[in-house]
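Morning, everyone. Please bring the model up on your screens, and we will walk through it together.

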Amino acid sequence: MHAFDYIRASSLAEAERLLGSDPDAKLLAGGQTLLPAWKHGLNAPSLLIDLQDIAGLSDLSIGHDGVTVGAMVRHAQVARLKDSGAAGLAMLACGIADPQVRNLGTIGGSIANNDPAADYPAAVLGLDARVITNRREIASDRFFTDLFSTALEPDEIIVAVRFPKARRAGYFKVANPASGYVTVGAFVADFGDHVRVAINGARTCVYRDKTCERLLSDNLSAAALRDYIVAPDDLNDDMHASASYRAHLIPRAIARAIGRMTETPS
Ligand SMILES: Cc1cc2nc3c(=O)[nH]c(=O)nc-3n(C[C@H](O)[C@H](O)[C@H](O)COP(=O)(O)OP(=O)(O)OC[C@H]3O[C@@H](n4cnc5c(N)ncnc54)[C@H](O)[C@@H]3O)c2cc1C
């Protein structure tokens, strides 16, 4: 292993300054992606900037219009929100990996990494959340840009994710049986006057299925998808699933997510 420095930043300003001072510095959240990638030689940071002591990043607040989840909030904390105003989000967080990963992994780390097989990007896009950074707010439709890529600048830090309240929301994933990662997943959110459908695992980056959103806008039920066929053309084709199998799974994952939609208490 190569030599590196480790600093526990005590403020957002310090983390920002350190990140800007070294192009090979990396933010450390729960380490649940960064450290395995490091072990596999996929990165080699010269400086690790640990975010765990920064005040406010682990805050989670539930308001009448939605939920704000600090970047360092662990998946297990979000999983416990199931009786609050964020049942769809909690449903998703419950299914991430295993208890060890859920107690260390964070929402900020997950969406900054933007793995196509990760769960959180589907909730962020499906619920039309806003990503709050040390500099600005980024709308979900602009945040996830490509494979492992986001709209974040190199020295930008996620502070929190603000989820508006949906009337109902549900998530379903066909999980890889070995890792728990998503083969195909669907997050469906009903806002009363419109529906959003986000698909993860299927392409190089999470995306909205706008054809399906139109189909569901008048009839938000699995029956509305009876004749819905997805073309395999731009879908992932790998050792876990072929593109045509993923195409077959998408309408079924959406239908199962609709079936799991939970009312949000008012
Ligand atoms: C065995 C195993 C199984 C898993 N299964 C699943 C699964 O089923 N579904 C799933 O979604 N995920 C899964 N994961 C990943 C897990 O959810 C991680 O929590 C997640 O990928 C991010 O890890 P982390 O929060 O620990 O971030 P880290 O690993 O610490 O960081 C990840 C990346 O994000 C950057 N970063 C961290 N915080 C910030 C921030 N605030 N602002 C900007 N950049 C930041 C880091 O610099 C790094 O590049 C699994 C992981 C493991 C080890």
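Start with one side chain. A polar atom in the side chain of Asn236 lies 3.3 Å from the backbone nitrogen of Thr204. That is a polar contact: a pair of N or O atoms within 3.5 Å, where within protein one must be able to donate a hydrogen and the other to accept it, and residues adjacent in sequence count only if both atoms are side-chain atoms. The Asn236 side chain also has a polar atom 3.2 Å from the backbone oxygen of Gly201.

A quick word on the source. This is a predicted model, in which local features need pLDDT of at least 70 and side-chain atom pairs count only at pLDDT 80 or more, while totals for chains, interfaces and linings use all residues. Residues are numbered from 1 along each chain as its sequence is written, and side-chain values use heavy atoms, with hydrogens and water left out.

Back to Asn236. Where does Asn236 sit? Its place is the loop between helix 9 and helix 10. Helices (H or I, at least four residues) and strands (E, at least two) are DSSP runs, numbered from the N terminus. Is Asn236 buried or exposed? Asn236 is buried, at a relative accessible area of 15%. Buried means under 20% relative accessible area, exposed means over 50%, and partly exposed is in between, with a 1.4 Å probe and protein chains only. Leaving out residues up to four places away in sequence, Asn236 touches Gly201, Ala202, Arg203, Thr204, Ala241, Ser242, Ala243 and Arg246. Contact here means heavy atoms within 4.5 Å.

Gly201 leads us to the hairpins. Gly201 is in the turn between strand 13 and strand 14, with a positive phi of about 80 degrees. Six residues separate those two strands. Strand 13 and strand 14 pair antiparallel over two bridges. Two strands pair if DSSP finds at least two bridges between them. Ala198 stands opposite Arg208 in strand 14.

Now look at strand 13 itself. Six of its six residues are buried, so strand 13 is largely enclosed by the rest of the structure. Val195, Val197 and Ile199 point one way, and Arg196, Ala198 and Asn200 point the other way.

Strand 13 also pairs with strand 12. Six bridges join them, and they run antiparallel. Gly185 stands opposite Asn200. This hairpin has four residues between its strands, and Gly192 in the turn has a positive phi of about 90 degrees.

Ala169 stands opposite Ala189. Six residues lie between strand 11 and strand 12, and Gly180 in that turn has a positive phi of about 85 degrees.

Stay on strand 11 for Gly170. Gly170 has 0% relative accessibility, so it counts as buried. Its C-alpha atom is 7.3 Å from that of Met91, which is 79 residues apart along the chain. Beyond neighbours within four places in sequence, the contacts of Gly170 include Met91, Ala186 and Met261.

Next, helix 9 (210-217). Which residues of helix 9 are buried? They are Cys212, Glu213 and Leu216. These cover an arc of only 105 degrees around the axis, which puts them on the same side of helix 9. The arc is that of the directions from the helix axis to the C-beta atoms. Their cover includes strand 13, strand 14 and helix 10. At the start of helix 9, a side-chain oxygen of Asp209 comes within 3.4 Å of the backbone nitrogen of Thr211.

Now the other end of the chain. An open sheet of three strands has the order 1-3-2, with parallel pairing. Strand 1 (5-8) and strand 2 (25-28) stand at the edges with a single partner strand each, so one side of each has no neighbour in the sheet. Four bridges join strand 1 to strand 3, and Tyr6 stands opposite Leu48.

Last, the ligand. A polar backbone atom of Gly31 is 2.8 Å from an oxygen atom of the ligand. The side chain of Tyr181 has an N or O atom 2.9 Å from a ligand nitrogen.
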